[in-house]
Amino acid sequence: MKPEDLYFMPLNGGQNVGASCYFLRLGNSNIILDAGTGKNKGITFEPDFLSLLTLPFILSLNQIDQIFISHAHLDHTGYLLELMKSAQHAGVYMTKPTKLLIEHQLYGKKFLASSNSDEINNEEQRLAAEYLLQKVIEVNYMQEINFHDYSAEFFQAGHIPGAMMTLINYRGRKILYTGDYSLHSTALTQGCLLPGNLEIDTLIMCGLHAKHQNYKRQNDNLYNDINAIFSLANSGKNITCYISQLSKGIEFVKIINSLNKNHIPVFIDNEIMNIIKIMDKLAEPILTIDNFPVSEFYKYDTGIIITSSGYKSINAIEFQINFSLHEDFEDMSNFIHQLNPRQAVIVHCAPAHSEDDMTIEQEIMKDYTCRTQFIFAENGQLYIL
């Protein structure tokens, strides 16, 4: 092993989606990028740390030095508290919005809002989780921190509030880890913001649609649904909007509020309302005078209900709301062309839809000005970058 070598291993979330967790070895520093969980057919799966402990340069998770968390979705954070119990000496770094959202998901929902009396009464477990979260170190965009072998700088990633990209400078080599990101602004956040002329050597990139050449991020259906929702609500109909992901839930509330010209009452369930309260702490206003808790729906003759918890209302017209916060194939191509890294390591990658689907590598190869070499990193495989 040479001191200048850079080692990388996906512990999960390589050529699959869920349980994103990646090991990076720089000099004598052992780094973890994200620590998520995933679900497959209702069964939760986690990062595979046993494969990490087979490597010659790490004998215990207590030898992990730093953990960087890109954003607050559970497929990137769900295993964090378990990892922190084992990696007791590791510094854990994330933005303030990410920390607040993680506290709600991994602590508040389990210990403060649960109806399970056994969990609530387990004070020792609650205090242990609280202690771990207090150890988290908040970072700001454009902040740079010097560590023993390298420095790290953090940039806005878009996607959801608080999401960050981590730029590592190691012996003159620049490594950028994206997590999920967005080039486009949304109702809640601007797109990613990176300084020009970064001269990236290695891009470790979440590439959900890197094998889906025909996938385009079209949210036209969302606005078609919204137009239909307002048309029905204006005619006196009750509407229930089901949305599965909480981050999309608050995004949807923000959009509905911005378009609600006739001041139709909008009722929000407790799960989404709790996340909105976190956004209030971050000076991100979402609620308007037209918003009410879903418990007050009975007082009104008509309105729009927004729920992530399956709230049912009588005689309501139901809409399943779905839209994408991820980049499409063309956006990924533009991002790689913009950075023009020496190599791109693609992770968090969903399988191809068919054998005929072109990968992002095949697309980039058409451009002779792009120098990028690609690695579609597999779980449990060690790569020298």
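Visitor: Which loop holds Asn197?
Guide: Strands here are DSSP runs of E, at least two residues long, helices are runs of H or I with at least four, and both are numbered from the N terminus. Going by that, Asn197 lies in the loop between β12 (173–177) and β13.

Visitor: Before we go on, what kind of model is this?
Guide: Residues are numbered from 1 along each chain as its sequence is written, and side-chain values use heavy atoms, with hydrogens and water left out. Local features need pLDDT of at least 70 and side-chain atom pairs count only at pLDDT 80 or more, while totals for chains, interfaces and linings use all residues, and the model is predicted.

Visitor: Is Asn197 buried or exposed?
Guide: Buried means under 20% relative accessible area, exposed means over 50%, and partly exposed is in between, using a 1.4 Å probe and protein chains only. Asn197 has 75% relative accessibility, so this residue counts as exposed.

Visitor: What is phi near for Asn197?
Guide: Asn197 is a residue other than glycine, and its phi is positive. The value is near 55 degrees.

Visitor: And what is phi near for Asp34?
Guide: Asp34 lies in the loop between β3 (29–33) and β4 (38–40). Asp34 is a residue other than glycine as well, with a positive phi near 70 degrees.

Visitor: What relative accessible area does Asp34 have?
Guide: Asp34 sits in a loop. Still, Asp34 is buried, because its relative accessible area is 0%.

Visitor: Let's move on to His212. Is His212 buried or exposed?
Guide: You'll find His212 in the loop between β13 (202–206) and α7 (220–234). Its relative accessibility is 3%, so His212 counts as buried.

Visitor: Which side chain joins that of His212 in a polar contact?
Guide: A polar contact is a pair of N or O atoms within 3.5 Å; within protein, one must be able to donate a hydrogen and the other to accept it, and residues adjacent in sequence count only if both atoms are side-chain atoms. At 2.9 Å, the partner of His212 is His209.

Visitor: Which residues is His212 in contact with, leaving aside its neighbours within four places in sequence?
Guide: Contact means heavy atoms within 4.5 Å. With those neighbours left aside, His212 is in contact with Phe329, Ala350, Pro351, Ala352, His353, Asp357 and Met358.

Visitor: How many Å apart in space are Thr359 and His212?
Guide: Thr359 lies in the loop between β19 (343–347) and α11 (360–364), and at 18% relative accessibility Thr359 counts as buried. Thr359 and His212 are 147 residues apart in sequence, but C-alpha to C-alpha they are 6.8 Å apart.

Visitor: Which residues does Thr359 touch, not counting those up to four places away in sequence?
Guide: Going by the contacts of Thr359 beyond those places, the list is Ala210, Lys211, Phe329 and Phe376.
Visitor: Which residues is Asp331 in contact with, leaving aside its neighbours within four places?
Guide: Asp331 is found in helix α10 (residues 329–339), and counts as buried at 8% relative accessibility. Its contacts, those neighbours aside, are Leu183 and His184.

Visitor: Stepping back, what radius of gyration does the chain have?
Guide: The radius is taken over C-alpha atoms, and the globule rule is 2.2 Å times the number of residues to the power 0.38. With 385 residues, a compact globule would have a value near 21 Å, which agrees with the chain's 22 Å.
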